[in-house]
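Please keep the viewer open as you go through the points.

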Amino acid sequence: MSIALKQVFNKDKTFRPKRKFEPGTQRYELHKRAQASLNSGVDLRAAVQLPNGEDQNDWVAVHVVDFFNRINLIYGTICEFCTERTCPVMSGGPKYEYRWQDDLKYKKPTALPAPQYMNLLMDWIEVQINNEDIFPTCVGVPFPKNFLQICKKILCRLFRVFVHVYIHHFDRVIVMGAEAHVNTCYKHFYYFVTEMNLIDRKELEPLKEMTTRMCH
């Protein structure tokens with residue numbers, strides 16, 4: 001069994017319980033449709049477009065939860081190599097450093113080692129996607145008015161996981177044979193956030209050259 005699979009079965013803290021959509025709900029159907037179009041090998045750029053007649057918030061909610069689950073797994077496969085010694089700051093190369101702020105314990109942007117930043121980030125997202133006031137699961141319960149703003153912040157921070165993994169740990173991704181999987185997940189994420197206009201272009205700068213090669 002590969003190291004990556006062993007880690008999955010060890011239920012390391014990084015592998016959090018997946019947020020599931022209830023069968024029979026509108027969002028479950030959208031989730032199934034999004035998954036089916038991916039599995040059929042359809043063009044990713046087409047797969048992310050909002051289906052006719054569907055609610056934008058529902059479509060975004062499905063993707064945010066899905067990306068959280070998948071990016072969490074990607075980080076989980078390399079997390080034993082991302083330590084306070086190897087990654088004393090949460091960075092994307094020498095030009096980009098990310099500081100943590102959550103308005104709870106960290107009221108000001110704070111420099112943290114990458115693994116601590118990642119854990120805080122995943123916990124912060126998990127609390128929000130499991131909050132019925134933000135991500136309602138009952139049919140007919142409206143999304144909050146600032147829902148897209150909340151999702152923009154979640155997606156912006158999830159993008160930083162890609163930045164760190166690609167710039168600092170991609171050798172491990174290759175060793176584990178996960179390169180194609182990570183690249184596909186990245187392309188899907190990139191097409192979605194740009195199609196739906198959910199990320200500030202300057203946030204995409206650290207991976208700009210790679211993205212140009214991979215996604216254009």
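**Around Phe81 and His169**

Leaving aside its neighbours within four places in sequence, Phe81 is in contact (heavy atoms within 4.5 Å) with Thr86, His169, Arg172 and Met176. This is a predicted model, in which local features need pLDDT of at least 70, side-chain atom pairs count only at pLDDT 80 or more, and totals for chains, interfaces and linings use all residues. Residues are numbered from 1 along each chain as its sequence is written, and side-chain values use heavy atoms, with hydrogens and water left out.

- Phe81 sits in the loop between α4 and α5; helices here are DSSP runs (H or I, at least four residues), numbered from the N terminus.
- With 25% relative accessibility, Phe81 counts as partly exposed; on this scale buried means under 20% relative accessible area, exposed means over 50%, and partly exposed lies in between, using a 1.4 Å probe and protein chains only.
- Between Phe81 and His168 there are 87 residues in sequence, while their C-alpha atoms are 9.8 Å apart in space.
- His169 belongs to the loop between α6 and α7 (170–175), and it is buried, with a relative accessible area of 3%.
- Setting aside neighbours within four places in sequence, the contacts of His169 are Ile78, Phe81, Cys82, Cys87 and His164.

**Helix α6**

- Helix α6 covers residues 147–168, which is 22 residues.
- From first C-alpha to last, α6 reaches 32 Å, close to the 32 Å expected at 1.5 Å a residue; the expected span is 1.5 Å times one less than the number of residues.
- Of the 22 residues of α6, 16 are buried, so the helix is largely enclosed by the rest of the structure.

**How α4 packs on α5**

- Two packed helices are described by the angle between their axes and the distance between the axes.
- Helix α4 (residues 56–78) and helix α5 (residues 114–129) pack at about 155°, with axes 11 Å apart; axes are lines fitted to C-alpha atoms over the stretch in contact, and angles run from 0 to 180 degrees between N-to-C directions.
- α4 and α5 are therefore roughly antiparallel, the word used for angles over 145 degrees.
- On the α4 side the contact is made by Val64, Val65, Phe68, Ile71, Asn72 and Tyr75, and on the α5 side by Ala114, Pro115, Met118, Met122, Ile125, Glu126 and Ile129.
- The residues of this contact of α4 with α5 divide into 11 nonpolar, 1 polar and 1 charged; Ala, Val, Leu, Ile, Met, Phe, Trp, Tyr, Cys and Pro count as nonpolar, Asp, Glu, Lys and Arg as charged, and the others, Gly among them, as polar.

**How α8 packs on α9**

- The axes of α8 and α9 come within 11 Å and cross at roughly 95°.
- That makes α8 roughly perpendicular to α9, a label for angles of 65 to 115 degrees.
- The contact is made by Asn183, Tyr186, Lys187, Tyr190 and Tyr191 of α8, together with Met210, Thr211, Met214 and Cys215 of α9.
- The residues of the contact of α8 with α9 divide into 6 nonpolar, 2 polar and 1 charged.

**Positive phi away from glycine**

- Most residues other than glycine have a negative phi.
- Asp103 is not a glycine, yet its phi is positive, about 60°.
- Asp103 is placed in the loop between α4 and α5 and counts as exposed at 52% relative accessibility.
- Asn197 is not a glycine either, and its phi is positive at about 55°.
- Asn197 lies in the loop between α8 (179–195) and α9 (208–215) and counts as exposed at 57% relative accessibility.

How values were computed
Helix = DSSP H or I, 4+ residues; strand = E, 2+ residues; numbered from the N terminus. Parallel < 35°, antiparallel > 145°, perpendicular 65-115°, else oblique.
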